[in-house]
Amino acid sequence: MNADVTAPLQPGSTIGILGGGQLGRMLAMSAAQLGFRCHVYSDVPGPALDVAHSSTIGAFDDLARIADFARSVDVVTYEFENVPLRAAAAAQEIAPVRPGPKALDVAQDRLTEKTFISKLGIPVAPFAAVGNLSELQAAAERVGLPAILKTRRLGYDGKGQVRLESADALAGAIDEIRGAPAVLEGFVAFQYEVSVLVVRAVDGAIRVYDPPINTHRNGILDTSVVPSPLPAAHRKHAEEIASRIALALDYVGVLAVEMFFLGETGGASLVVNEIAPRVHNSGHWTMDACTCGQFENHIRAIAGWPLGSTERHSDATMQNLIGDDVAGWREIAGEPGARLHLYGKTEVRPGRKMGHVNRLRPKTAG
Ligand SMILES: Nc1ncnc2c1ncn2[C@@H]1O[C@H](COP(=O)(O)OP(=O)(O)O)[C@@H](O)[C@H]1O
Ligand SMILES: [Mg+2]
């Protein structure tokens, strides 16, 4: 390993990306802009491979191949949070892995994640670990109903979750998640959802993007809009929460923190839902509405460069193009103020993220 791991990477260095999806693709495009090359490691061909200097198709548990990959790059990052810890550890023996394996460890398991965040004194939904029906019954007593049963691992876009309205639904819910280790979360009566994207540099410098308000369709992010209606004092608090989590993880790169806003309740107004140790769909608007977007800032952070400005110069609505939505590309391409991003996926499937559009407006507030 390089003796001075805090020295900035020279342009021309190679960045290793674990994962080959659209997030890896947009990371690689930003890396190229700064003169870096990317080597993508993925278990399946994906959108990132089209824009990378080189790629390896290999299993994430093939530690020898992961080690070869790490030897071919100057720093390793990842674009999805389910990289096995052993793979991250194998890479870290050879090259710096940023963000470090600790963030992966925390974010991969909803129980670890909720425990970690609440130990920082940050509010989360009431939760309890569930391994079987009797534990679920006890958890429902403690947490109350309605509640949501979520698998501890590998859930995304609302998958691996069952909403529970009444006690007779408990046994069915265990069947539905096939008895997988789970957490029961009390239902949070929120007004709306926001997310905070924070970027932390190798030297500890931190910058935060304006929190967008996020809406979902069929469990999948639909839109992210800035400015959000979040009142200024809460916004400051939201940013402080995200920064505190980044610091506690000794984090390097972009971290996303999803939160519920409950309004003026007399109690907690902001409840953290989950974190993602990577660039995030709710930050896609930053590519076009900020001086330096999330993808470039993640690359800057992991390369040991100074961070770019997260200042927002425009109002923006990010809309995901899911499945057939992508058929509208022609009209969107002709819309003034619209910035179209397509991921190069050839097969359209329901629920598949095909691209997104950022619609920009002159900045009004915030
Ligand atoms: N405890 C909760 N109370 C109310 N709504 C919730 C709760 N947990 C999740 N949700 C809703 O479900 C969505 C998906 O849940 P989340 O935990 O973020 O899983 P995913 O990994 O699928 O994004 C959230 O964005 C929110 O709208
Ligand atoms: Mg989520």
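Visitor: What makes the pair of Lys-150 and Glu-185 side chains a polar contact?

Guide: Their side chains come to 3.0 Å. A polar contact is a pair of N or O atoms within 3.5 Å (within protein, one must be able to donate a hydrogen and the other to accept it, and residues adjacent in sequence count only if both atoms are side-chain atoms), so the pair qualifies. This is a predicted model, where local features need pLDDT of at least 70, side-chain atom pairs count only at pLDDT 80 or more, and totals for chains, interfaces and linings use all residues; side-chain values use heavy atoms, with hydrogens and water left out. Residues are numbered from 1 along each chain as its sequence is written, while chains are lettered from A and ligands numbered from 1 in the order in which they are written.

Visitor: Why is Lys-150 called buried?

Guide: Its relative accessible area is 5%. Buried means under 20%, exposed over 50%, and partly exposed in between (1.4 Å probe, protein chains only), so Lys-150 is buried. Lys-150 belongs to strand S6, residues 147–151; a strand is a DSSP run of E with at least two residues, numbered from the N terminus.

Visitor: How do you know which atoms of Arg-110, Lys-150 and Gly-186 approach ligand 1?

Guide: An N or O atom in the side chain of Lys-150 is 2.6 Å from an oxygen atom of ligand 1, and one in the side chain of Arg-110 is 3.0 Å from an oxygen atom of the ligand. For Gly-186, a backbone N or O atom lies 3.0 Å from a nitrogen atom of ligand 1. Ligand 1 taken alone exposes 540 Å², of which the protein buries 89% (Shrake-Rupley areas, 1.4 Å probe; for residues, only the protein chains shown count as cover).

Visitor: What makes Glu-258 and Glu-274 ligands of the magnesium ion?

Guide: Their OE atoms coordinate the magnesium ion (ligand 2) at 2.0 to 2.3 Å. Donors are N, O and S atoms within 2.8 Å of the metal (3.2 Å for Na, K and Ca), so both residues qualify; water is not among the atoms, so sites may look incomplete. Glu-258 is in strand S13 (residues 253–261) and Glu-274 in strand S14 (residues 270–276), 16 residues apart.

Visitor: Why do Glu-258 and Glu-274 fall into separate accessibility classes?

Guide: Glu-258, at 15%, is buried, whereas Glu-274, at 21%, is partly exposed.

Visitor: How do you know whether Ile-275 is buried or exposed?

Guide: Its relative accessibility is 3%, so Ile-275 counts as buried. Ile-275 lies in strand S14.

Note on methods. Helices (H or I, at least four residues) and strands (E, at least two) are DSSP runs, numbered from the N terminus.
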